[in-house]
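Subject: Structure handover

Hello,

Here is the structure that I am passing on to you. My notes on what was found in it follow below.

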Protein chains: 4
Amino acid sequence: MKFYDNRIDDITIAYIGGGSRDWAIQLMKDLACEEQLSGTIKLYDIDREAAYENEIIGNRITERNDSKGKWLYKAVETIEQALYGADFVIISILPGTFKEMAIDVHTPEKYGIYQPVGDTTGPGGMVRALRAIPMYVGFAEKIKECSPCAWVINYSNPMAVCTGTLYRIFPGIKALGCCHEVFGTQVLLQWMLKDMKKIEVTHRNEIKVNVLGINHCTWIDKASFRHIDLMPLFREFAGRYSKDGFRIPGEDRKLNEIFISSHRVKFDLFQRYGLIAAAGDRHLAEFFPRTWYLKDIDKVRQWKFLLTPVQTRVKIRKDLNEFRKKVISGKEIIEIKPTGEEGVRIMKALLGMEDLITNVNFPNQGQVKGLPYGAIVESNALFTGNNIQPLFAGELPPGINDLIAKHSLNHELILKAGLNRDKDIALQCLLNDPLVDIDKAAAEKLLTEMLEGTKAYLKGWDI
Amino acid sequence: MKFYDNRIDDITIAYIGGGSRDWAIQLMKDLACEEQLSGTIKLYDIDREAAYENEIIGNRITERNDSKGKWLYKAVETIEQALYGADFVIISILPGTFKEMAIDVHTPEKYGIYQPVGDTTGPGGMVRALRAIPMYVGFAEKIKECSPCAWVINYSNPMAVCTGTLYRIFPGIKALGCCHEVFGTQVLLQWMLKDMKKIEVTHRNEIKVNVLGINHCTWIDKASFRHIDLMPLFREFAGRYSKDGFRIPGEDRKLNEIFISSHRVKFDLFQRYGLIAAAGDRHLAEFFPRTWYLKDIDKVRQWKFLLTPVQTRVKIRKDLNEFRKKVISGKEIIEIKPTGEEGVRIMKALLGMEDLITNVNFPNQGQVKGLPYGAIVESNALFTGNNIQPLFAGELPPGINDLIAKHSLNHELILKAGLNRDKDIALQCLLNDPLVDIDKAAAEKLLTEMLEGTKAYLKGWDI
Amino acid sequence: MKFYDNRIDDITIAYIGGGSRDWAIQLMKDLACEEQLSGTIKLYDIDREAAYENEIIGNRITERNDSKGKWLYKAVETIEQALYGADFVIISILPGTFKEMAIDVHTPEKYGIYQPVGDTTGPGGMVRALRAIPMYVGFAEKIKECSPCAWVINYSNPMAVCTGTLYRIFPGIKALGCCHEVFGTQVLLQWMLKDMKKIEVTHRNEIKVNVLGINHCTWIDKASFRHIDLMPLFREFAGRYSKDGFRIPGEDRKLNEIFISSHRVKFDLFQRYGLIAAAGDRHLAEFFPRTWYLKDIDKVRQWKFLLTPVQTRVKIRKDLNEFRKKVISGKEIIEIKPTGEEGVRIMKALLGMEDLITNVNFPNQGQVKGLPYGAIVESNALFTGNNIQPLFAGELPPGINDLIAKHSLNHELILKAGLNRDKDIALQCLLNDPLVDIDKAAAEKLLTEMLEGTKAYLKGWDI
Amino acid sequence: MKFYDNRIDDITIAYIGGGSRDWAIQLMKDLACEEQLSGTIKLYDIDREAAYENEIIGNRITERNDSKGKWLYKAVETIEQALYGADFVIISILPGTFKEMAIDVHTPEKYGIYQPVGDTTGPGGMVRALRAIPMYVGFAEKIKECSPCAWVINYSNPMAVCTGTLYRIFPGIKALGCCHEVFGTQVLLQWMLKDMKKIEVTHRNEIKVNVLGINHCTWIDKASFRHIDLMPLFREFAGRYSKDGFRIPGEDRKLNEIFISSHRVKFDLFQRYGLIAAAGDRHLAEFFPRTWYLKDIDKVRQWKFLLTPVQTRVKIRKDLNEFRKKVISGKEIIEIKPTGEEGVRIMKALLGMEDLITNVNFPNQGQVKGLPYGAIVESNALFTGNNIQPLFAGELPPGINDLIAKHSLNHELILKAGLNRDKDIALQCLLNDPLVDIDKAAAEKLLTEMLEGTKAYLKGWDI
């Protein structure tokens with residue numbers, strides 16, 4: 001890297017999953033908006049063609065005049081080529097294909113187990129984790145070998161298990177997991193202030209929150225805007241909208257309907273526990289006993305969110321691919337504007353350019369009291385030059401901790417199952433999941449079917 | 001107390017629940033067998049008549065020639081009278097009456113929730129705890145006032161919450177919780193040695209076990225007889241009998257059939273986790289998701305244990321009362337022989353007469369790693385003169401810890417609900433229980449009905 | 001308080017030690033520079049006259065046109081009057097008088113124990129603590145009664161014991177200890193960059209440091225300016241100046257010579273341990289075995305700092321008093337400019353007006369691993385609206401931890417001695433101090449003499 | 001091993017340091033007294049001749065009719081030969097020779113630092129540790145390779161560092177450190193009962209003690225004989241004899257005068273802290289600031305113990321060698337009677353033959369609260385079949401903990417210095433030792449001289 005007073009050049013980023021259709025494009029946009037950084041991004045993907053497409057798309061952006069950040073995008077053949085000399089490593093992969101994901105999400109439905117997302121917890125999250133673990137073992141080993149001092153930013157799910165695998169294999173790794181679900185909750189609080197108090201908040205960052213929990217089921221126990229304590233206001237807000245839900249105006253113009261919720265789960269959880277669950281309802285619903293929000297299709301409808309059939313994801317991918325083709329052929333151009341993601345700000349902070357406090361998935365050193373030491377937890381941290389320091393976030397109230405600690409312990413067990421390739425332990429994990437209220441015989445059958453369906457990614461398992 | 005070389009006289013024991021029909025008699029028998037101790041037992045009970053009966057029964061035993069331990073039994077009017085000057089306090093009470101217990105056990109059945117015992121965990125255990133907490137608050141306050149240096153032995157369920165209440169109210173209390181379920185598991189291991197290896201073990205004490213967990217769901221991860229490691233043998237044993245179960249020969253002659261199990265739950269848990277669950281199957285089954293062992297009456301039958309209708313308990317009580325009347329009138333005599341309980345040995349150890357290592361329910365100082373500090377856990381401890389020291393028992397494997405920590409955290413929450421008289425928190429507790437796989441609306445209804453039914457014991461609650 | 005978009009009015013500050021000749025004036029200056037805040041400051045002091053003088057001085061400042069922050073200063077008669085309604089409580093007191101301080105500092109000299117400051121550790125720090133503890137017990141009790149929700153900022157030494165007393169007596173208190181010694185070390189690093197690299201740093205805040213330890217002996221294990229790692233540079237810097245010392249240019253024009261050092265102790269500690277001790281040499285020298293930096297007067301001179309005779313403090317006070325008189329009579333005016341202290345920024349942050357990360361003395365929740373939980377430690381924390389969250393600072397290397405943990409444990413013991421008024425424990429404390437390398441008989445004599453000399457402040461002690 | 005009902009044959013013991021002149025003979029005697037065990041002892045020593053002598057001596061004992069335990073003693077050439085197939089490994093070595101020990105003990109005297117033993121702490125203990133660490137690294141590696149399941153009993157000093165090295169190199173090792181100093185303190189309490197109360201105690205085992213601390217500076221905070229609390233009695237005892245000391249009658253007939261003390265240090269420590277320091281005064285005195293008990297020769301004399309010149313050890317060794325020669329030549333015979341050591345009882349307990357509770361040096365899992373996790377601490381533990389479980393011993397009072405934690409942290413640092421061969425860290429260790437109240441320059445000189453003197457055992461160091 002070359003350091004100047006106000007800018008840094010020659011930064012090297014290794015992008016594992018560099019063929020990513022969506023996240024890679026988001027990063028390109030944010031980098032194009034940032035004039036203080038430049039360098040090279042090496043795109044590595046097992047889908048080489050996709051990586052080459054991104055090389056073209058990325059360089060196309062760099063060439064444009066409205067792109068302030070100038071980056072060279074370069075698809076590489078091997079992960080080693082990507083990693084050598086990297087200052088940052090970004091990991092955003094799909095562990096397996098939509099074929100496997102369809103099994104993750106839909107096989108459990110035969111047993112009455114519905115999963116709106118299926119990538120984090122529940123049977124789907126577990127099996128996805130079992131696929132991801134050997135991949136992340138490989139990443140960790142290669143990072144240890146090729147770029148042990150690089151900062152590693154993971155975007156893939158299941159976040160806690162993927163990030164945890166990196167630390168288990170290479171304890172000295174400087175890795176963190178990033179997720180935008182808390183941002184979405186800050187946006188909801190922005191809208192709450194507008195709806196309840198007619199206060200306009202310029203940016204979600206002005207909503208200060210204390211965050212504690214695990215990815216996709218993290219919680220806010222303190223929230224304020226300037227001097228205003230938002231927790232009592234949220235009680236009113238939840239009271240007003242718990243029955244009919246609250247839709248963020250305009251959201252339907254930005255997002256596929258399948259991803260939109262009415263926050264009824266969040267309101268219900270607030271009314272149970274007094275804390276704001278800081279993730280989308282689709283994710284949240286998966287962490288609790290099946291009978292709460294996912295008993296059957298009808299129940300889901302009442303809670304006003306939607307299941308995400310993998311077929312929809314396939315369709316969205318198809319549309320994206322078409323759009324990308326047009327970009328490559330010059331028929332479409334990508335609009336350069338900030339995405340709201342924080343990857344680039346995180347890099348700037350770690351480069352010593354500005355301090356940043358944001359939520360992060362990181363090994364528990366005590367920042368979330370009551371969850372196991374070493375478990376990957378989500379809380380705020382301070383990012384400064386080459387340094388991440390978790391903030392002490394306190395402790396979840398026992399009613400919630402009881403529910404969350406269970407998942408955190410199960411992550412450890414899933415990791416063990418994955419590392420040992422142990423079907424018996426995988427069965428323990430499955431039976432420990434609150435969505436799985438079936439008996440052992442049924443669970444064994446379900447597990448076998450799911451592992452069979454994903455076995456291309458389970459080398460060395462005895463299924 | 002008066003200390004001699006080989007005996008101690010003038011010991012004072014306060015017996016709270018001194019009208020106990022069963023436990024009090026067991027204690028009388030063990031004391032009668034023990035020639036090194038003598039003194040006074042002050043019987044306090046809200047059922048004064050029962051306490052007076054026990055005074056008569058106890059003194060009748062003392063008068064007999066075959067009674068080696070000579071004790072004066074004396075029913076007292078107030079708890080203060082019992083406690084002043086006490087060296088030991090024994091608590092064995094029924095929190096509420098069988099009327100409330102019937103609600104604990106049978107109301108949840110309307111929701112498909114079957115509880116073979118219903119006194120420790122599940123909806124029944126929770127509501128029983130809510131009744132017991134104010135009683136134990138009172139005991140702790142009185143002990144603090146009247147006999148702060150006495151050793152307090154609790155026998156009542158729910159063990160963890162009752163003992164935990166004592167420590168919460170009077171942190172300096174010298175209290176412990178005693179339970180014989182682990183002894184029963186040692187006896188099973190005795191029979192296993194006979195059945196599998198033709199080895200006769202004289203006394204269950206010769207089976208060395210490491211114990212770790214929570215009352216009625218504690219676990220053995222190391223077991224040996226002399227140099228023989230019993231864990232691999234138990235794997236064979238479980239393999240041989242997991243399908244049909246194993247009945248301890250002659251048990252049906254000693255116990256009401258309702259209390260007998262075939263250990264199929266224990267075998268199944270061993271096959272899942274590789275550890276021996278050290279309690280009766282009826283208790284164990286209540287700690288796991290409903291679908292595992294208690295899905296419906298038919299399932300229970302397959303697992304080869306029985307539910308315990310409270311009507312049966314009423315019947316047993318009636319028989320006991322008749323027997324007691326005969327004893328009082330001299331038509332029957334109580335056979336003086338050791339009961340297998342350890343209360344008297346514990347007292348001798350705490351008096352400095354002999355060392356004892358046995359399992360005990362005690363605040364966690366780290367003896368069970370992975371469970372919360374301060375939670376009441378069950379593990380082995382060393383008892384010496386005026387001193388109890390837990391042994392470091394290690395950590396449950398994550399698959400089990402996940403299940404047990406959940407209960408341990410729920411105990412804390414139940415205590416909070418009870419101390420704050422907070423129905424909302426009680427609802428959280430109920431919904432956190434793995435037996436309760438119903439939705440919030442149904443759970444609220446169940447809770448209201450159960451609290452209503454027990455409200456005579458819930459002063460100050462807003463139900 | 002009244003909240004507006006960009007300002008807050010009607011803030012109430014209680015100032016305990018409101019007759020403070022120096023710290024109070026500093027605060028007045030900083031408040032006068034800050035246009036976003038206004039309100040009332042209630043000055044309470046056992047020296048009422050001094051408090052009334054400060055009322056006059058403060059209001060004189062408020063009246064001036066160049067004062068942007070408008071505050072009403074008001075001396076009050078009782079601590080309760082000061083505390084009722086307070087949003088903030090500031091404590092800056094001298095525990096006892098210079099007469100007692102002279103005994104703290106100079107009596108040990110008879111035994112060869114020299115203390116350059118004598119207010120934090122060593123025999124002087126301990127005896128000062130014993131005087132301060134009952135005062136802080138009183139403050140804590142009154143704060144609990146009158147303003148339990150106020151934020152309490154302590155400036156008095158011994159910082160760790162004073163702040164610790166507040167938490168011991170009122171565990172729910174929102175108290176923190178502020179000290180500027182780390183700022184001074186940041187300034188030294190500023191000068192280092194100028195001296196070694198010709199880099200001008202605008203403000204010490206741009207020097208990012210990780211702070212961990214205890215007040216007046218805290219340490220920096222990471223320091224950076226933008227992307228520049230300052231730790232290797234400090235090694236060079238220490239190498240260059242360890243022999244002759246380094247004087248910050250111009251410091252002699254701002255500070256009494258007595259307070260200036262040449263950082264030789266800091267350089268020596270760096271060469272021993274590789275970390276930067278973040279306090280003035282005069283303070284640092286007191287924390288280590290006597291033979292290191294304080295063996296005798298000659299040794300002190302070689303290390304290029306000065307002892308501070310209490311007579312000098314008396315002289316400085318006299319000068320200050322004369323200056324104050326002139327201010328009151330209008331012959332002098334106080335220059336309104338920022339002092340470099342952070343009290344006002346801390347208040348703004350706690351009022352939700354801006355985030356702040358700075359070092360603070362706070363109970364250890366794990367932010368400094370290796371020091372006891374609950375001990376008052378110094379590390380960075382994030383200040384946001386009504387919230388302080390320590391940053392996880394890591395662990396001192398064992399060579400230093402060994403030295404620091406000793407002091408931290410001794411703080412606990414001093415607090416015990418003070419609360420119990422126990423001379424035997426005080427003797428243990430004294431003998432545990434690394435400056436005290438005399439035998440028990442001598443130590444007893446020294447202790448008796450020191451306690452005798454300070455007995456006006458030791459009500460209830462048996463000396 | 002071959003297991004019978006009442007005995008075990010074919011036990012294999014590897015004896016590292018098998019040429020031991022003293023400890024090996026003690027073990028032979030205890031084994032000869034024990035009829036339930038038999039097997040082979042493989043003697044390995046770098047002094048092969050001494051090992052062969054012990055082979056002869058041992059087998060000579062086995063052949064005798066009055067020897068109940070029949071063991072085959074066999075000197076072996078390599079450590080691997082000793083370890084393969086071993087059920088137990090005993091380590092009792094002298095790290096280096098008396099030549100190095102003379103430097104350990106006497107070089108510091110030039111700086112006024114007197115060490116009565118010099119094998120555990122202080123400059124001598126540290127340098128001995130630095131010699132021992134590479135040896136123990138080798139033992140741990142070989143044990144991991146050859147006999148990973150064997151129980152390893154270490155007798156060598158410095159106990160904490162030696163045992164700690166084993167665990168650092170092979171975390172799965174089943175190692176413990178044994179020391180008889182606590183037994184000696186129990187014997188003192190026996191004599192106290194006789195002296196103060198005319199009570200005869202048959203065996204020191206009847207004195208129940210709670211033990212907590214570190215080897216050679218461990219403490220008793222609870223002591224009882226039957227129902228008698230010995231702590232208040234010890235206060236009287238210490239009061240009566242603190243001035244003139246107490247000599248155990250007849251001790252001078254058993255022990256070289258050089259090893260006898262009058263317990264004045266122990267009495268003084270009791271009067272300071274209220275706990276009984278459970279080691280000989282010669283050891284205890286080394287753990288505290290030099291001025292306390294070791295200021296000069298005269299002071300030592302007043303405290304009524306003696307320094308142990310290494311010349312005396314040489315003389316004792318010479319006498320022993322002569323005695324051994326006579327035994328080999330048949331002119332003398334070894335008296336077979338129990339030595340009071342517990343090695344054989346420990347083996348029986350670990351073989352499942354009988355439970356044993358005794359003090360042991362073991363990694364801290366929390367048994368001694370307040371000392372670092374993983375540090376080797378001394379406390380009671382339960383020994384059962386193939387299992388050692390520490391008893392929760394509680395926490396030292398802060399006045400003592402402050403002193404002991406310092407040493408425990410220094411052990412960690414010494415281990416680091418030894419593993420890294422780092423003289424700078426060794427200097428930190430030296431300067432952290434409370435006996436070393438000299439300045440850095442002098443300490444560097446002392447260190448260099450000591451390391452020079454021991455450099456034959458410091459391969460790879462840059463001295």
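**Domains of chain A**

The centres of domain 1 and domain 2 of chain A, taken over C-alpha atoms, are 23 Å apart. The model is predicted, so to read it: local features need pLDDT of at least 70, side-chain atom pairs count only at pLDDT 80 or more, and totals for chains, interfaces and linings use all residues. Residues are numbered from 1 along each chain as its sequence is written, while chains are lettered from A and ligands numbered from 1 in the order in which they are written.

Domain 1 of chain A covers 2-97 + 118-178, and domain 2 of chain A covers 98-117 + 179-308 + 341-463; these bounds come from an automatic or database domain assignment. Their contact takes 39 residues from domain 1 and 53 residues from domain 2, where two residues are in contact if their C-beta atoms, placed from the backbone, lie within 7 Å.

On the domain 1 side, α1 (23-33), α5 (122-146), β6 (151-154), α6 (159-169) and β7 (174-177) of chain A each supply at least two residues. Helices (H or I, at least four residues) and strands (E, at least two) are DSSP runs, numbered from the N terminus. The largest share of that side, 11 residues, comes from α5(A). By class, the side has 20 nonpolar, 13 polar and six charged residues. Ala, Val, Leu, Ile, Met, Phe, Trp, Tyr, Cys and Pro count as nonpolar, Asp, Glu, Lys and Arg as charged, and the others, Gly among them, as polar.

**A residue in α5**

A:Met135 lies in helix α5 of chain A. A:Met135 counts as buried because 20 other C-beta atoms lie within 10 Å; the cut-offs are 20 or more for buried, 12 or fewer for exposed, and partly exposed in between, with C-beta atoms placed from the backbone. Leaving out residues up to four places away in sequence, A:Met135 touches A:Ile93 and A:Pro95. A:Leu166 is 31 residues from A:Met135 in sequence, and their C-alpha atoms are 9.9 Å apart.

**Chain A against chain B**

The contact between these chains involves 25 residues of chain A and 25 residues of chain B. On the chain A side, α10 (264-273), α12 (290-293), α16 (398-420) and α17 (423-432) each supply at least two residues. The largest share of this side, 12 residues, comes from α16(A). The chain A side divides into 10 nonpolar, six polar and nine charged residues.

Regards
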